[in-house]
Amino acid sequence: MSVTVRFCGAARTVTGSSYLFQTAHGRFLVDCGLFQGQKTLKELNYGAFPFRPADIDAVLLTHAHIDHSGLLPKLVRGGFEGPILATRGTIDLCSYMLPDAGSIQESEVAALNRRNAARGRRDVTPIYTQADAIAALQSFRPVAYEDWVGVISGVRARYWNAGHLLGSASIELEFAGANGARPLRVLVSGDVGPEAKLLQPDPEAPSDLDYVISEATYGDRVRAVTTPEERRQHLASEVRDAAAAKGALLIPAFAVERTQELIVDLVDLMERGEVPAAPIFLDSPLAIHATEVFRAHAASLDPTVDVNRLLNSPHLKFTETVDESKAIMRLTGFHIVIAASGMCDAGRIRHHLKRWLWNERATVLLAGFQANGTLGRFLQNGAKAVRIQGEEIRVAARIRMIDEYSGHADGASMAQWIAARRPIARGLFLVHGEQDAIAGLAMRVSERIIPAARIYQPVLDDIYELSTAEPRVLDVDHRRRLANEAVTQLDWHNEMSELMLDINDKIGAAADDRARGVIIRRLRRALADGS
């Protein structure tokens, strides 16, 4: 039986996870995620899927993060009528995350359309609405870890705890062989958590597979070995430095899991007197709801952590409404604001950054992966100025990074995870990573763990035949949505933003009005010559 996989997302990028499997009996997706980062990638969210939603028989969802689940409402609205199979924890989180994503899209598109009206441009419509997301929730069906479940005729799946997030899973797929032959066995890693994660167990998965499709988010990095206490001490040092500066400590945080881990450690440090006591504002309706989900699932989390008590601390202040969020911006002095999104690309964190980035008393603590082309990545890379909602903001705040709260295993841990899956008979596909990260993990595992000839680095929309002795790229008549360089490199939107900032810098630094006029005339000539 022919089995093919199409890499519809997370190929040489960390977002848009979606893999389309097809047999003679039907089609199903593993994940259906939102693209994030540079505008060229995000525009894929608005375009047509590279398949007809009505032709998809089922979706297997690894976990709730939006880069894995965020296009499910669009899929359902487009005609998909099958089940979405997910763990109970994932379903509970998606019941808040997907409507929140729809609401954010509606509000951001409304703001964009107001700007478009002033510029004489056409209106745009959201990818989907909050109502679309609520409707999509009716398609979810719960599955238990380590129990086989049917997907389509001749295909079954089993979910294994990936240790990344509440409800996260690696998904084992088994395709029936013809005439009693050995079945084809494929493992899709999803996102794999690091060892000794605060609230989640170590990742689990089977071995003796034909193929592994593995994430490579941090494939080119190795973190220093740390313990939960060492991680808390690093956080304590950052908090004490921010308090000494007497300004806001802004933590752009992923609303689910990262936020709850940070809260648990911050409250613990304050209770032990290791950092100055201060209000911790959780300024994200989604994170607030997700915190309630974590309370409900407290029994399934680390039994050594009193999650309920720490998440009910008087230090913690929930700000659900817009007015409550605006009130925080009137505060001076040391306080902590945790707000989504974790990559600073949407949500309330952008308003707090506009309020504080120019102020040298403020601290921005990045606590997770920042995708290429995101505002968080520009801050991480040391940008001197950024543009937020069309406004130029100078960066005077301290930009700090704490990597120990990452939900992803590093390159060394992923190599160990892959080694534990052996034998891998036919091939290892490396996905969900930027180009350097994928290349780094490939170097780490080649020959020592798996022959280099059996390591594959697919690009967006590649289709592989899996039922042959070795995987084969199909030379079929399908249209790539983007050239590979459009996925891996910063796009013209980013370059234009940088150019505008550079022009302002150059003109501002000019000696006098005459010199400024010379620069402007040269720019005009360059534009005229280019036309």
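User: In strand β5, which residue is the bridge partner of Leu60?

Analyst: In this predicted model, strand β4 covers residues 58–60 and strand β5 covers residues 84–87, and the two pair in the parallel sense over 2 bridges. Leu60 belongs to β4, and its bridge partner in β5 is Leu85.

User: Which residue in β22 does Thr4 stand opposite?

Analyst: On the β2 side, Val5 has Phe21 as its bridge partner. On the β22 side, Thr4 stands opposite Glu465.

User: Are the side chains on the two faces of β1 buried or exposed?

Analyst: In a regular strand the side chains alternate between the two faces of the sheet. In β1, Thr4 and Arg6 lie on one side, and Val5 and Phe7 lie on the other. Both faces of the strand are covered, and these four residues are all buried.

User: Which residue of β19 stands opposite Leu365?

Analyst: Strand β16 (residues 363–366) has Thr363 and Leu365 pointing one way and Val364 and Leu366 the other way, all of them buried. It runs parallel to strand β12 (residues 248–252), to which 2 bridges join it, and there Leu250 stands opposite Val364. It also runs parallel to strand β19 (residues 398–401), this time through 4 bridges, and in β19 the residue opposite Leu365 is Arg400.

User: How many Å separate the C-alpha atoms of Met1 and Ala178?

Analyst: Met1 lies in the segment before β1 (4–7), and it counts as partly exposed because its relative accessibility is 34%. Leaving aside neighbours within four places in sequence, its contacts include Thr23, Gly154, Phe175 and Ser467. Although Met1 and Ala178 are 177 residues apart along the chain, their C-alpha atoms are separated by 6.5 Å.

User: Is Ser284 buried or exposed, and at what relative accessible area?

Analyst: Ser284 is found in the loop between β13 (280–282) and α8 (285–296). Beyond its neighbours within four places in sequence, it is in contact with Ala255, Thr319, Ala340 and Arg348. The cut-off for a buried residue is under 20% relative accessible area, so Ser284 counts as buried, at 7%.

User: Which peptide bond is cis with omega near -5°?

Analyst: Most residues other than glycine have a negative phi, and most peptide bonds are trans. The bond from Ala340 to Ser341 is cis with omega near 10°, and Ser341 is placed in the loop between β15 (335–339) and α11 (349–356). Pro423, in turn, lies in the loop between α13 (411–419) and β20 (424–431), and the cis bond with omega near -5° runs from Arg422 to Pro423.

User: What is the relative accessibility of His432?

Analyst: Arg12, in the loop between β1 and β2, has a positive phi near 65° and counts as buried at 14% relative accessibility. His432, in the loop between β20 and α14 (435–445), has a positive phi near 50°. His432 also counts as buried, and its relative accessibility is 3%.

User: What is the radius of gyration of the protein chain?

Analyst: The protein chain holds 17 helices and 23 strands. For its 531 residues the globule rule gives 24 Å, and the computed value is close to this, so the chain is as compact as a globular protein of that length. Of these residues 56% count as buried, and the radius of gyration is 24 Å.

Conventions: Residues are numbered from 1 along each chain as its sequence is written. This is a predicted model: local features need pLDDT of at least 70, side-chain atom pairs count only at pLDDT 80 or more; totals for chains, interfaces and linings use all residues. Side-chain values use heavy atoms; hydrogens and water are left out. The radius of gyration is taken over C-alpha atoms; the globule rule is 2.2 Å times the number of residues to the power 0.38. Buried means under 20% relative accessible area, exposed over 50%, partly exposed in between (1.4 Å probe, protein chains only). Two strands pair if DSSP finds at least two bridges between them. Contact means heavy atoms within 4.5 Å.
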